[in-house]
Amino acid sequence: MIGYRIVLFFVYFFILLAPWPGLDSAYCAWTRTLGHTAFCWAHAGAKIQFEAIQSTRYRPLDTRIVLLDESKGAPGGLRYATFLDLDMRGIGWVPTAFFAALVLSTPITWPRRWGALGCGLCAMQAFV
């Protein structure tokens, strides 16, 4: 019985991690929108932007967080900014797929699985 659940976990996990067309870009866009929504409220002299960047073979980062300090000006009218580049698939989608595969392969009733999946995915996305 336990062997069946382990195999079921790996089946779910590999299905969720398969390179589905558009899934990575949709997840990254959703995460950027969620981040912008969570941090859009104004801070005095600061601004946060979430931007898409082109990932390459040697640099799989696809999201850039830009922290702008509008209170300090640089010479020539430029603003100071700090960049944080992230791989949203690695820090967001892979742990989400792992969690979903664990929940879906448990031997509990389906209503409890769906409830655990919904609550857990909301908590995981809030953490990410």
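Contact is taken here to mean heavy atoms within 4.5 Å. On this criterion, in what is a predicted model, the side of helix H1 formed by Leu8, Phe9, Tyr12, Phe13, Leu16 and Leu17 meets Arg89, Trp93, Val94, Ala97, Phe98, Ala100, Ala101, Leu102 and Leu104 of helix H3. Divided by class, the residues of this contact comprise 14 nonpolar and 1 charged, with no polar residue among them. Helix H1 spans residues 2–17, and its axis lies 8 Å from that of H3, the two packing at an angle of about 145 degrees. The crossing of H1 and H3 is right-handed.

Helix H3, which covers residues 88–104, also packs against helix H4, residues 110–127, with the two axes 9 Å apart and an angle of about 165 degrees between them. Angles over 145 degrees count as roughly antiparallel, and H3 and H4 are therefore roughly antiparallel to each other. The crossing in which H3 passes H4 is right-handed. On the H3 side the contact is made by Pro95, Thr96, Phe99, Ala100, Val103 and Leu104, while H4 contributes Trp110, Arg113, Trp114, Ala116, Leu117, Gly120, Leu121, Met124 and Gln125. The contact of H3 with H4 has 11 nonpolar residues, together with 3 polar and 1 charged.

The class division for the contact of H2 with H3 is 5 nonpolar, 3 polar and 2 charged residues.

Two residues within these helix contacts can be described individually. With residues up to four places away in sequence left out, Leu104 touches Leu8, Tyr12, Trp110, Arg113, Trp114 and Leu117. Of these partners, Leu8 and Tyr12 belong to the H1 side of the contact with H3, whereas Trp110, Arg113, Trp114 and Leu117 belong to the H4 side of the other contact. The C-alpha atom of Leu104 is separated by 19 Å from that of Trp20, a residue 84 positions apart along the chain.

Phe127, which lies in helix H4, counts as exposed because its relative accessibility is 74%, the exposed class beginning over 50%. Between Phe127 and Phe39, 88 residues apart in sequence, the C-alpha to C-alpha distance is 14 Å. With a relative accessibility of 23%, Asp69 counts as partly exposed. Once residues up to four places away in sequence are set aside, Asp69 touches Gly45, Arg79 and Tyr80. Asp69 and Ile53 are 16 residues apart in sequence, and their C-alpha atoms are 21 Å apart in space.

Definitions and conventions: Residues numbered from 1 in each chain as written. Predicted model: local features only at pLDDT ≥ 70, side-chain atom pairs only at ≥ 80, totals over all residues. Heavy atoms only, no water. Axes fitted to C-alpha atoms, helices over the stretch in contact; angles between N-to-C directions. Helix = DSSP H or I, 4+ residues; strand = E, 2+ residues; numbered from the N terminus. Parallel < 35°, antiparallel > 145°, perpendicular 65-115°, else oblique. Left-handed = near helix turned anticlockwise from the far one by under 90°. Nonpolar A, V, L, I, M, F, W, Y, C, P; charged D, E, K, R; others polar. Buried < 20%, exposed > 50% of the residue type's maximum accessible area, 1.4 Å probe, protein only.
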